[in-house]
Amino acid sequence: MKDLSPAITELAKDFSGRLLVAADAGWDEARRVHNGLVDKHPAVIARCAGSADVARAIGFARAHALEIAVRGGGHNVGGRAAVDGGVMIDLSPMRHVFVDPSARTARVAGGTLWGHFNRETQAHGLATTGGVVSSTGVGGLTLGGGLGWLMPKYGMALDNLLSVEMVLADGRIVRAAETENADLFWAVRGGGGNFGVASSFEFRLHDVGPTVAGGLIAWPIERARDVLDHFRNLAASADDNLMLVAALITGPDASTRLCAIAAGHFGASAEGERAVAAIRALGPPAVDALGPIPYTQLNAMLDASYPRGARNHWKSRFVDQLDDVAIDAIVGAFMRCPSPMGQVVIEHFHGAAARVAPGHTAYALRNSGFNVLVLSQWQAAEQDAAGAAWARDSYGALAKCTGTRRYLNYLDNDDVDAKSLDAAYGSNLKRLQSIKARYDPENVFHLNVNIAPKA
Ligand SMILES: Cc1cc2nc3c(=O)[nH]c(=O)nc-3n(C[C@H](O)[C@H](O)[C@H](O)COP(=O)(O)OP(=O)(O)OC[C@H]3O[C@@H](n4cnc5c(N)ncnc54)[C@H](O)[C@@H]3O)c2cc1C
């Protein structure tokens, strides 16, 4: 490989952040991402302090014909934030949140994590839809969609975007909003990292909490079919205030299997109490942590279940209905799970997020339904084959269920093909390809769920 040291020294003269190479302290920590299966070795990690650094790093990579990976929160299960032998544009020094309480907006830097976002906005009693695990990045999650607790009431994370600042493949720094570079603004709301590096995002905020109703309740796995039947009945009558997620999980003792319902209610407290009572009505649970809960805590209660460095292989797709066939497939799959860290998660998609027309943003999956995620997760490298096989086989078992749509933020490495692009974008794909041809004709940003440029 060509010696890049002189060029890196030159780049450092006009760079506010830090440029890391393999010999530097902290290298291994910096190159690793959330998924422990991802073990890539970039040529250089450009820890950017702002948009100018991002533009410089892009220019450097292009001048030396190096591939570019962009790291926001590093949570992408396919490891798309990392690259072998290329430039990792690492936005983790760019973690700033500025709230304007009177305008009810927040501008956040491109590497911000949701835990930070929620703390800053909740200091003003405000929030917007974001990831349910606090260490997930605002960047990748929002550009690809953004399922979260507030989704039925306020839409997906990307539905709350007001503007973005983008650093384009040619190094230009532009703003995109409804009234400025409107085609780009349409495309980044669902098109992932295909169009450039988002150095900042501006979000609309809403009054939320600080205390809401919600948490998690779980029953013994023997009751899984009853619990999932209860879950689909609750979902059928849920209004916009109520977000529901079911999950087949193993308890903290690493052996007790459970079927859980996690919930968040964002309406009046009396209604929240009624919603919680309706969830409890199934009968004596094994675990009951439902009740009043700070919104920031609701968004961190699942963190410990997804430790950084655990090995992950995910498979997911939307199912139109949670019918008995789907429930049988889900329960059967979970009972074959080889690791206590593996789960099947069922996210109810409805309300405001489902009322947006599919062509309004690049994110096209607006039908109500359930996103079923086979979340294979384990710690030891010896379990790699079994972990991946369980995800694949369980996903195969779900083929019996109706629905073809797939959430691109959950696509793993082996999922990205023309079929998955169709399943994620449907009729929006053609327009995305032509906007890609306009903003990134040479496909500089291709280490993502890639949309090839097509004029
Ligand atoms: C434990 C866990 C919990 C999750 N919870 C949720 C959830 O509640 N809701 C949900 O919708 N999804 C969730 N996800 C999926 C998540 O949306 C994706 O993994 C997403 O890619 C994470 O974004 P990131 O910035 O952390 O990822 P990264 O790995 O840093 O980036 C992922 C992709 O986005 C691009 N990207 C990131 N930031 C930028 C930027 N600023 N500008 C341009 N491109 C950028 C990267 O190039 C890359 O292609 C979860 C994932 C994990 C592992």
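**Charges and rings, reasoned out**

User: Why is Lys-315 called buried?

Analyst: Lys-315 has 4% relative accessibility. Buried means under 20%, so Lys-315 counts as buried. Please keep in mind that this is a predicted model.

User: What makes Lys-315 and Asp-414 a salt bridge?

Analyst: The closest N and O atoms of the two residues are 2.8 Å apart. A salt bridge needs a Lys or Arg side-chain nitrogen within 4 Å of an Asp or Glu carboxyl oxygen, so Lys-315 and Asp-414 meet the rule.

User: Why does this pair tie together separate parts of the chain?

Analyst: Asp-414 lies in the loop between helix 12 and helix 13, while Lys-315 belongs to strand 16, so the bridge ties together parts that are 99 residues apart in sequence.

User: How do you know whether Asp-414 is buried, partly exposed or exposed?

Analyst: Asp-414 has 40% relative accessibility. Buried is under 20% and exposed is over 50%, so Asp-414 falls in between and counts as partly exposed.

User: What is the distance in the salt bridge of Asp-324 and Arg-232, and what does the pair tie together?

Analyst: The side chains of Asp-324 and Arg-232 meet at 2.8 Å, N to O. Asp-324 is in helix 11 and Arg-232 in helix 8, so this bridge ties together parts that are 92 residues apart in sequence. The whole structure has 28 salt bridges.

User: Let's turn to the rings. How many aromatic pairs are there, and why is Phe-266 with Tyr-295 called edge-to-face?

Analyst: The count comes to 10 aromatic pairs. In the pair of Phe-266 and Tyr-295, the ring centres are 6.1 Å apart and the planes stand at 75 degrees.

User: How do you know whether Tyr-295 is buried or exposed?

Analyst: Tyr-295 has 1% relative accessibility, and so counts as buried, the limit being under 20%.

User: What makes Arg-431 a charge over the ring of Trp-186?

Analyst: Arg-431 lies over the face of Trp-186, at 4.0 Å from the ring centre. The rule asks for CZ of Arg within 6 Å of the centre and within 35 degrees of the ring normal.

Notes
Residues are numbered from 1 along each chain as its sequence is written. This is a predicted model: local features need pLDDT of at least 70, side-chain atom pairs count only at pLDDT 80 or more; totals for chains, interfaces and linings use all residues. Side-chain values use heavy atoms; hydrogens and water are left out. Helices (H or I, at least four residues) and strands (E, at least two) are DSSP runs, numbered from the N terminus. Buried means under 20% relative accessible area, exposed over 50%, partly exposed in between (1.4 Å probe, protein chains only). Rings of Phe, Tyr and Trp (its six-membered ring) pair if their centres lie within 6.5 Å; planes under 30 degrees apart count as stacked, over 60 as edge-to-face and the rest as tilted.
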